[in-house]
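Come along and check each entry against the picture.

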Amino acid sequence: MDGAGPIAGYQAITVTPYSPTIGAEIGNVDLTKPLSDNELSEIRRAFTDHLVLFFRGQELDFEDHARFGEYFGTLGQHVGVKTNSQTTNDPRVRKFHADGQTPRVSGNVWHTDQSCAPMPPMASILYLHTIPPNGGGDTGFASMYAAYDALSDNMKAYLEGLTALHDGTLQFGEGTPKAVHPIVVKHPESGRKLLYVNEAFTSHINEVSREESKAILEFLYEHQKRPEWSIRFRWQPHSIAFWDNRCAHHRAISDYLPNVRSGFRVQVEGTEAPVAP
Ligand code: OGA
Ligand code: MN
């Protein structure tokens with residue numbers, strides 16, 4: 001990583017921001033062992049402040065991966081039936097693999113994981129052991145706090161009180177859930193407001209005409225992915241990305257096929273539905 005080193009305020013771990021709005025690399029911690037109380041409380045604080053945490057050089061087995069996830073909540077299953085066929089011998093851990101045979105790379109559009117669920121996952125923890133040898137396969141992350149903050153006061157006032165339908169069938173086909181969520185949401189830990197629509201799952205705004213909904217959502221989707229509040233995470237073998245699915249968008253960039261990109265993923269269940277401020 002370029003730029004400045006770790007920031008002050010942490011004793012047990014090191015926290016090196018990726019950008020002012022989103023992302024931090026966490027050092028001085030070994031995720032193959034149980035965490036101390038101090039490490040865990042500092043990781044929680046960094047997670048709230050930086051939205052997505054990166055770890056390097058962690059050779060996790062399923063037990064390590066699941067133990068790390070379970071510090072933050074109950075591990076859950078993906079809402080997509082097909083996606084859950086990529087199982088492992090540990091029901092908590094899903095395989096995450098793409099190569100030249102993969103018909104459609106997962107997550108290849110800006111999104112929030114499974115916002116079509118009434119209570120979407122709180123977080124996802126992606127661990128990759130195999131990285132494409134000639135580069136590519138970065139993951140984009142974007143701060144929905146920063147995207148919200150940059151809107152005009154008039155637009156903020158317009159959006160507050162509106163709700164949108166998030167439709168799982170747009171990504172995963174029949175049998176996946178649909179849910180209505182507020183467009184402006186308040187994060188349960190930080191108390192900050194954020195924009196909660198995404199182009200993978202949001203089908204329309206409920207309270208306005210379809211024409212108005214389409215124009216407003218197109219504006220928001222372009223706005224949400226502006227480079228001012230997004231980053232590209234460059235993987236190495238045995239890196240981890242742990243994102244707060246309540247306030248960050250992310251997307252896969254499938255520019256590495258037919259090379260292999262492979263690892264495992266757990267998701268931490270949400271404990272409450274997204275709430276309006
Ligand atoms: C995911 C996802 C992005 C990537 O695991 O939910 O969208 O870069 N991953 O693989
Ligand atoms: Mn995803």
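Predicted model: local features only at pLDDT ≥ 70, side-chain atom pairs only at ≥ 80, totals over all residues.

**Entry 1: a histidine to begin with**

Is His111 buried or exposed? I looked it up: His111 is buried, because its relative accessible area is 7%.

Residues are numbered from 1 along each chain as its sequence is written, chains are lettered from A and ligands numbered from 1 in the order in which they are written, and side-chain values use heavy atoms, with hydrogens and water left out.

**Entry 2: the manganese ion**

Which residues coordinate the manganese ion (ligand 2)? I found His111 (NE2), Asp113 (OD) and His250 (NE2), at 2.1 to 2.2 Å. The spacing of these donor residues in sequence is H-x1-D-x136-H. His111 sits in the loop between β5 (94–98) and β6 (123–130) and His250 in strand β15, so the pair ties together parts that are 139 residues apart in sequence. Donors here are N, O and S atoms within 2.8 Å of the metal (3.2 Å for Na, K and Ca); water is not among the atoms, so sites may look incomplete. Helices (H or I, at least four residues) and strands (E, at least two) are DSSP runs, numbered from the N terminus.

I checked His250 too: it counts as buried because its relative accessibility is 5%.

In the loop between β5 and β6 I also found Gln114. Its phi is near 50°, a positive value in a residue other than glycine. Gln114 is buried, with a relative accessible area of 2%.

**Entry 3: the sheet that holds β15**

I followed β15 into an open sheet of 3 strands, in the order β13-β7-β15, with antiparallel pairing. Its edge strands are β13 (230–233) and β15 (248–252), each pairing on one side only. On average, neighbouring strands of this sheet are turned by 20° against each other, direction ignored; the axes are lines fitted to C-alpha atoms, and angles run from 0 to 180 degrees between N-to-C directions.

How many bridges pair β7 with β15? Strand β7 (residues 139–143) and β15 pair in the antiparallel sense over 5 bridges; two strands pair if DSSP finds at least two bridges between them.

Why is β15 largely enclosed by the rest of the structure? Because 4 of its 5 residues are buried.

**Entry 4: nonpolar cores**

The largest nonpolar core has 42 residues, and Phe141, Leu159, Ile183 and Leu195 have the most contacts inside it. Helix α3 (residues 144–149) gives the most to this core, with 5 residues. Apart from it lies another core, of 30 residues, among them Val29, Ala66, Ala123 and Tyr127. A nonpolar core is a set of buried Ala, Val, Leu, Ile, Met, Phe, Trp, Tyr and Cys residues joined through side-chain atoms within 4.5 Å.

I then listed the neighbours of Phe141, leaving aside those within four places in sequence: its contacts (heavy atoms within 4.5 Å) include Trp110, Trp229, Trp243, His249 and His250.

Asp167 is in strand β8 (residues 163–167) and counts as buried, at 9% relative accessibility. Its side chain makes a polar contact with the side chain of Thr169 (2.7 Å). A polar contact is a pair of N or O atoms within 3.5 Å; within protein, one must be able to donate a hydrogen and the other to accept it, and residues adjacent in sequence count only if both atoms are side-chain atoms. Not counting residues up to four places away in sequence, Asp167 touches Cys116, Pro177, Lys178, Phe201 and Ser203.

Gln171 is in helix α5 (residues 169–172).

**Entry 5: backbone notes**

The peptide bond from Leu257 to Pro258 is cis, with omega near 10°. Pro258 lies in the loop between β15 and β16 (261–268).

Technical notes. Buried < 20%, exposed > 50% of the residue type's maximum accessible area, 1.4 Å probe, protein only.
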